Amino acid sequence: MEVELGDVAIPATEQKRFVATFDIEDWFHAENVRASLPTHDWDGLESRLEPNVHELLDILAAARARSTFFVLGWVAERYPAVVRRIVGEGHEIASHTHLHRNLDQLTPDEVRGELSRSKDQLEQVAGCEVLGVRAPNFSVSDLVLDLIAEAGYRYDSSYFGFKHHDRYGQISATIPPGEPVAEIRPGLLEIQMTRLPIATVQVPWAGGAYFRLIPYPVFRWGVAKHLRSNPWFTFYFHPWELDPDEVPPSGMPKTLRFRAYTGRGRTRRDLRRLVSEFGSCRIDEALRALGRLAPGGT
């Protein structure tokens with residue numbers, strides 16, 4: 001497979017790919033706000049999901065960009081029209097588990113339930129096979145990877161490789177920072193989150209709070225620098241990060257408020273610039289172009 005770029009035909013295996021991915025959850029699913037919520041009954045809280053996801057889809061449509069959406073099964077149950085719009089506009093549906101629980105803190109049977117229930121629900125609503133999964137808060141572990149493979153997923157995108165974060169899970173395998181796709185279990189690929197080498201440190205640069213906290217010109221520089229020497233940049237973001245009008249829960253600690261809300265006033269503008277400048281492709285299509293996934297399926 002070759003892709004035309006001007007007068008030069010570039011083999012698909014040599015393309016530079018900016019892979020924008022989005023974790024579709026409501027504001028109260030975020031770990032930073034969870035402990036400060038007035039109730040644990042999510043149905044008793046104001047949902048802000050639909051307008052935020054539609055705003056996100058509008059930004060991608062304007063840039064003619066296609067992406068992978070990691071969606072909670074809980075979201076698919078309550079907002080099937082949102083999932084159908086995602087699919088209808090050419091994006092890939094993947095799983096973000098069912099209830100946004102940290103998988104490395106659950107029993108094996110609980111993990112199995114989160115993985116199978118979300119996959120089944122998403123496939124029913126979307127009408128297509130779900131190939132990928134991302135654990136909430138990147139809560140992966142060796143056991144979780146075993147159970148993801150057991151559940152029939154073809155790829156996982158839960159490994160950050162950054163050991164100094166208080167929530168990220170860890171695995172025993174070593175994946176080089178510049179290797180975006182690795183077979184982590186027989187038949188299961190790992191799409192790791194992008195880090196940027198600065199001096200002797202591999203700095204998280206994949207998106208989310210890093211995108212909100214790093215000034216856009218600097219973040220853009222980091223993306224361009226990575227793509228000069230690597231074929232793939234994995235980016236992630238949440239629809240609630242587009243929402244500057246969300247009110248923090250009363251009594252929320254200042255440190256968590258900073259992590260959750262700083263930078264939201266500029267994210268719509270900056271996300272538009274990012275996908276306009278770098279484009280985006282779906283994970284499944286990128287894997288097929290690299291020969292890591294069979295055409296049309298697993």
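**Ground rules.** I am reading a predicted model, where local features need pLDDT of at least 70, side-chain atom pairs count only at pLDDT 80 or more, and totals for chains, interfaces and linings use all residues. Residues are numbered from 1 along each chain as its sequence is written, and side-chain values use heavy atoms, with hydrogens and water left out.

**Entry 1: the core.** I looked up nonpolar cores, meaning sets of buried Ala, Val, Leu, Ile, Met, Phe, Trp, Tyr and Cys residues joined through side-chain atoms within 4.5 Å. Buried here is under 20% relative accessible area, exposed is over 50%, and partly exposed is in between (1.4 Å probe, protein chains only). Which members of the largest core touch the most others? They are Phe-22, Phe-235 and Leu-271, out of 78 residues. Helix H2 (residues 49-63) gives this core its largest share, 6 residues. I noted that helices (H or I, at least four residues) and strands (E, at least two) are DSSP runs, numbered from the N terminus. A separate core of 14 residues includes Val-19, Phe-70, Ile-191 and Leu-293.

Entry 2: Phe-22 sits in strand E3 (residues 17-24) and counts as buried because its relative accessibility is 0%. For contacts I used heavy atoms within 4.5 Å. Phe-22 and Ser-67 are 45 residues apart in sequence, yet their C-alpha atoms are 7.7 Å apart in space. With the neighbours within four places left aside, Leu-271 is in contact with Phe-22, Leu-56, Ile-59, Phe-211, Phe-235, Phe-237 and Leu-242.

**Entry 3: a cavity.** I used a 1 Å grid over the protein atoms alone, where a cavity is a set of points that a 1.4 Å probe fits but cannot get out of, and lining residues have an atom within 4 Å of a point. How many cavities of 30 Å³ or more are there? The count is 1. The largest cavity has a volume of about 50 Å³, taken as the space filled by probe spheres set on the points, which are joined across faces, edges and corners. Among the residues lining the largest cavity are Pro-177, Glu-179, Met-193, His-226 and Trp-232.

**Entry 4: Lys-119.** Is Lys-119 buried or exposed? Lys-119 counts as buried because its relative accessibility is 10%. I found Lys-119 in helix H5 (residues 108-126). A polar contact (a pair of N or O atoms within 3.5 Å; within protein, one must be able to donate a hydrogen and the other to accept it, and residues adjacent in sequence count only if both atoms are side-chain atoms) joins the side chains of Lys-119 and Glu-123 at 2.8 Å. A polar atom of the Lys-119 side chain also lies 3.3 Å from the backbone oxygen of Val-130.

Entry 5: Most residues other than glycine have a negative phi. Asn-137 has a positive phi of about 60°, and Phe-138 has a positive phi of about 55°. Asn-137 lies in the loop between strand E6 (132-133) and helix H6 (142-150), and Phe-138 lies in the loop between E6 and H6. Asn-137 counts as buried at 18% relative accessibility, and Phe-138 counts as buried at 5%.

Conventions: 1 Å grid on protein atoms, 1.4 Å probe; cavity = no way out; pocket = protein on both sides within 12 Å on 5 of 7 lines; lining within 4 Å.
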